[in-house]
Amino acid sequence: MPKTSAQPAIILIHGLRGNHFGVQDIAKTLTKKYGYQVFAPDLPGSGTRPELKDKTLDGYAKWFCNYIKKLKLDQPPIIIGHSMGSIVTSYFIDKYPELVDRRVVLLSPIFRSPFSRVISNIEYALMFGALHLLPKKPRYNLMRSKPVSFLISHFLTVDKSKQKEIDFLHYRYCLFASADSLLADCKISMQKETIIPENKEILFCFGDCDKLGSVKRSTSRIKEAKQTYKIIKNKGHLINYECPKTVARLIAEFIGEN
């Protein structure tokens, strides 16, 4: 499914504790195998990009507007977001639908039940309170540490044959401006959820063993909205690391079919 001159560019947004390197294998496959023009920026406060003063969904939406404007694209781009990136991008698309293509892809989306929202709020309050007992530098070092990174990647990885590789990548690409910046992103990830924007054709793609979401709840929400979804067997939340080529193929097929 090679890119034609009429095909819009793709903007691919990474998730929490990551940067653009976390989605580079998806981006490379979409570019080299399927011929799409792909942009994969670091979100503000991640990688080497300075953090926002307003680290909220509204702040991210304003940043997204400016980012797209600076690209000077011929037509609105196709937006793809993974995990927290799906929360940020879906909020932006819902607020500024005219700035993006009618096709959207949301990877490892976050859908919450009323009960899970309460639990996430409690978890964030406990984590926030405990971490703020530490001075800034030890707080940053703890959140950036290998034990914390490996604990998270072990929990989120299902394909254990790739565990060592994913542990390494998850730690290596966990770069953020400050502990407070990461905590602001944690707040978004733990207290908000992926929106299903209206009047868009959306592909939701997630692993059947995703521990951050319920397949039953996700498929129910997506069916109710009459959107498309693909479930990848024996994969978890980190499909960007576990099966990037499969993810790229599903994206290319969806774009080509629509």
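Contact here means heavy atoms within 4.5 Å. The model is a predicted one. With that cut-off, the buried residues of α7 pack against α6 and α10 (239-242).

In α7, the buried residues are Gln163, Ile166, Asp167, Leu169 and His170. Leucine 169, which is found in helix α7, counts as buried because its relative accessibility is 14%, and buried means under 20% relative accessible area. From leucine 169 to serine 149 there are 20 residues in sequence, and the C-alpha atoms of the two are 9.8 Å apart in space.

Helix α6 spans residues 146-156 and helix α7 residues 163-172; their axes come within 9 Å and cross at roughly 130 degrees. The two helices are therefore oblique to each other, since an angle between 115 and 145 degrees is classed in this way. In handedness, the crossing of α6 past α7 is right-handed. On the side of α6, the contact is made by Lys146, Ser149, Phe150, Ile152, Ser153 and His154, and on the side of α7 by Gln163, Ile166, Asp167, Phe168, His170 and Tyr171.

**The sheet**

Six strands form an open sheet in the order β2-β1-β3-β4-β5-β6, and their pairing is parallel. At the edges stand β2 (38-39) and β6 (228-232); each has a single partner strand, so one side of each is left without a neighbour in the sheet.

Strand β5 runs parallel to β4, to which five bridges join it. On its other pairing, β5 meets β6 in the parallel sense, also over five bridges. Some residues that stand opposite each other are listed here.

| Residue | Stands opposite | Strand of the opposite residue |
|---|---|---|
| Valine 105 | Leucine 203 | β5 |
| Leucine 107 | Cysteine 205 | β5 |
| Glycine 207 | Isoleucine 232 | β6 |

How many of the seven residues of β5 are buried? Six of them are, and the strand is thus described as mostly covered.

**The nonpolar cores**

The largest nonpolar core has 28 residues, and those with the most contacts inside it are Ile11, Phe64, Phe92 and Phe204. At least two residues of this core come from each of β1 (10-13), α2 (57-71), α3 (84-95), β4 (103-107) and β5 (201-207). Helix α2 gives the largest share, eight residues.

Leaving aside residues up to four places away in sequence, phenylalanine 204 touches Leu106, Pro109, Phe111, Thr194, Ile196, Ile222, Gln227, Thr228, Tyr229 and Lys230.

Helix α2 also holds lysine 69. Is lysine 69 buried or exposed? Lysine 69 is exposed because its relative accessible area is 66%, and exposed means over 50%. Lysine 69 and phenylalanine 92 lie 23 residues apart along the chain, and their C-alpha atoms are separated by 14 Å.

Methods:
Residues numbered from 1 in each chain as written. Predicted model: local features only at pLDDT ≥ 70, side-chain atom pairs only at ≥ 80, totals over all residues. Heavy atoms only, no water. Core = buried A, V, L, I, M, F, W, Y, C linked by side-chain atoms within 4.5 Å. Buried < 20%, exposed > 50% of the residue type's maximum accessible area, 1.4 Å probe, protein only. Helix = DSSP H or I, 4+ residues; strand = E, 2+ residues; numbered from the N terminus. Pairing = 2+ DSSP bridges. Axes fitted to C-alpha atoms, helices over the stretch in contact; angles between N-to-C directions. Parallel < 35°, antiparallel > 145°, perpendicular 65-115°, else oblique. Left-handed = near helix turned anticlockwise from the far one by under 90°.
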